[in-house]
2 protein chains.
Amino acid sequence: MKNVYIYLLAFASCLPVAYAQNKKVIYHELPVYGKLFDTPSKYHRVDTLKYNDLPVRVKHLFTNSAGLFVAFRSNSASIHAKWCVTDAKASSNLTSIAQKGLDVYIKNADGEWQYAGSKGTAKTCDEGVLVDNLDQTSKEFLVYLPLYDETKSLEIGIEEGANFLALSNPFQRNIAVYGSSIVQGASAGRPGMAYTAILSRRTGLNFINLGVSGSAKMEQEVAHMLAAGKPDVFILDCVPNSLPEIVSERTHYFVQHLRANHPNTPIIMIPSVVRELSYFNQVWNKRNADQNAQFKKEYETLLAKGIKHLYYLDSNTLLGTDHEGTTDGTHPNDLGFMRMADQIQPFVIKVMQKHNLL
Amino acid sequence: MKNVYIYLLAFASCLPVAYAQNKKVIYHELPVYGKLFDTPSKYHRVDTLKYNDLPVRVKHLFTNSAGLFVAFRSNSASIHAKWCVTDAKASSNLTSIAQKGLDVYIKNADGEWQYAGSKGTAKTCDEGVLVDNLDQTSKEFLVYLPLYDETKSLEIGIEEGANFLALSNPFQRNIAVYGSSIVQGASAGRPGMAYTAILSRRTGLNFINLGVSGSAKMEQEVAHMLAAGKPDVFILDCVPNSLPEIVSERTHYFVQHLRANHPNTPIIMIPSVVRELSYFNQVWNKRNADQNAQFKKEYETLLAKGIKHLYYLDSNTLLGTDHEGTTDGTHPNDLGFMRMADQIQPFVIKVMQKHNLL
């Protein structure tokens, strides 16, 4: 199912209009993108009633809006938002922009998604200006939703009299990325810096964020849920949360179940980043190495058993080599995420080209 | 006044010792480095009683511990901290690690300062492990203090029986960096990612953080305070907070006062980063351009008047060119700070070499 890049409605002409400050703001709800499945709860990533046997913590995390976004076109001189999240406490390794806030990108003259502004909040419901003092040409906007909270509602506001048009998902194909807090986006400084979001903007492909914080433990129920989707590629970046023996125990079933249900879909395995704290913390050093050794071993066993279209991104420098790529020794900062994207992007593109998916 | 890299006390031999978990932790106070002046309040950057005529907001901000750090040697298997800050609210563009937390670096086998761990807090007083499960060799540690709060107290804990030795400031020379929130470190993910801290670790030079959030407005009283110091280099990265007309009005006096009191000290002027929001926000676009145009014009006027040893880092790509280098459109994320450091470092080194300061 390709997301074809069309306008959902015929677009009215974009006449330049003079805007007064403090002009009345008109709010709109929009369809939400970035999901593997349609969900009855608009801002959830997975239907947690349908997949009721998922572990409780995993279900909870799939209610977080990581990777979700809305897209629209407008010539409004300012873009506003009203949105609600929960009263979940702030995490020490996240800004409130990343955890509970919104991030705006605009398609620039080169056709690239360019960062334009953000708004965080310490409240459960907030409203305000996202970007302001824009020229009055018609523009395409992306607004990313909070990474680490459940979005309860979102309305996008434009100035009265401006054009407004919901857009379809600008990203093509579907690449399901199952993983840990790193996939979910800790510790990006803002929602658009999760590596899945960076990759989508750069490639035009829909990297779907299925990160579940500390709970990416490859349970069978998660494999069943993922296998019910129909992505073009699966990416498994789910090593960091499991002890080495759990990686060893669960990887085989997980991959085989996806393969059994999707005989020709490429599956890309990504080892854990080398946690920066592991260079000095000897316990983490061993665990980190053992986790990745087990994951690689399972990959080789699966290959030996004849599992096709399986790929392993064999890198221990996903965060770079200067040791500055994390916020807390585990979670990439925006520097670390950029470096991850720099390594993951060509690997995924090559796999997709090989499979005639590009 | 060079900070010679000597141990303050003779160092006892570093015998490997077996450490039990939950071993008793012994706490120590340490001298605080990263200041242009000695201060009666240990965790303040400036003596705000002595410089009582500074603007109230500037005085307040100099009580924030941005850029301050402690240094010690130990063979403890874990490093702990007890510290207190104020009840100031969290900023939406900062993690609590950056705002109120601590950041640990260890000198590695190559003699480089390597990141090892962090701890943030939402409390006014907290205590806990900073790094853990270390091998039992003797190591040198740096611990950075909170960027955006007043540190009220700090004690560093080591396991009972381990060696502990306060170190002198490992960084040589003094480079006084006066500036805005960007100098103070918003929006680094953690204290060690403020660009002054990155530059100190990379060069071994003491880049002193005199960032004052939104209040770097080049008041005469600030010039007088700075001129009372005796750094080897002055860096003025103080454009972002002032309207263009204020930049125009105040730069000349500010630079001339430093020059009059320090005839041979290099003064480096750094324009405002191009705020990412300014690419779409037309008001900011004009203001940002006008601020920098005025700063450059003042530089040229000062040169024409015969002011010597004055340098201008003429760049409009301090944050890079992909527009991803900020957390909120204004404040660099760790990606942006790394890019700033990459451009500022060679410029400063060249100036210092020219002046036989290296």
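Where in chain A is the place of Asn292(A)? In this model, which is a predicted one, Asn292(A) sits in helix α7 of chain A, the helix that covers residues 282-304. With a relative accessibility of 14%, Asn292(A) counts as buried, because the cut-off for that term is under 20%. If we set aside the neighbours within four places in sequence, the residues in contact with Asn292(A) are Val239(A), Pro271(A), Ser272(A) and Tyr312(A).

Let me turn to the annotated domains of chain A. An unreviewed UniProt entry annotates residues 29-164 of chain A as "domain: SGNH hydrolase-type esterase N-terminal", and over these residues the chain is 9% helix and 34% strand, with the end C-alpha atoms 11 Å apart. The UniProt annotation "domain: SGNH hydrolase-type esterase", also from an unreviewed entry, covers residues 173-347 of chain A; that span is 43% helix and 14% strand, and its end C-alpha atoms lie 16 Å apart.

Next, helix α4 of chain A, residues 195-203. Seven of its nine residues are buried, so α4(A) is largely enclosed by the rest of the structure. The buried residues are Tyr195(A), Thr196(A), Ala197(A), Ile198(A), Leu199(A), Ser200(A) and Arg201(A). Just after α4(A) comes Gly204(A), which takes a positive phi of about 75 degrees.

Now to helix packing. In chain A, helix α5 (residues 220-227) packs with helix α6 (residues 244-261) at an angle of about 20 degrees, the axes being 9 Å apart, which means that α5(A) is roughly parallel to α6(A). The crossing is right-handed, and it brings Gln220(A), Val222(A), Ala223(A), His224(A), Leu226(A) and Ala227(A) of α5(A) to meet Tyr253(A), Phe254(A), His257(A), Leu258(A) and Asn261(A) of α6(A). By class, this contact has seven nonpolar and four polar residues, and no charged ones.

On the α6(B) side the contact is made by Pro244(B), Val247(B), Ser248(B), Thr251(B), His252(B), Val255(B) and Gln256(B), while α7(B) contributes Arg287(B), Asp290(B), Gln291(B), Gln294(B), Phe295(B), Glu298(B), Thr301(B) and Leu302(B). The residues of this contact divide into five nonpolar, seven polar and three charged.

Conventions: Residues are numbered from 1 along each chain as its sequence is written. Chains are lettered from A and ligands numbered from 1 in the order in which they are written. This is a predicted model: local features need pLDDT of at least 70, side-chain atom pairs count only at pLDDT 80 or more; totals for chains, interfaces and linings use all residues. Side-chain values use heavy atoms; hydrogens and water are left out. Helices (H or I, at least four residues) and strands (E, at least two) are DSSP runs, numbered from the N terminus. Buried means under 20% relative accessible area, exposed over 50%, partly exposed in between (1.4 Å probe, protein chains only). Contact means heavy atoms within 4.5 Å. UniProt positions are given in the numbering used here, feature names are shortened, and annotations may be inferred rather than shown by experiment. Ala, Val, Leu, Ile, Met, Phe, Trp, Tyr, Cys and Pro count as nonpolar, Asp, Glu, Lys and Arg as charged, and the others, Gly among them, as polar. Axes are lines fitted to C-alpha atoms, for helices over the stretch in contact, and angles run from 0 to 180 degrees between N-to-C directions. Angles under 35 degrees count as roughly parallel, over 145 as roughly antiparallel, 65 to 115 as roughly perpendicular and the rest as oblique. A crossing is left-handed if the near helix is turned anticlockwise from the far one by less than a right angle, and right-handed if clockwise.
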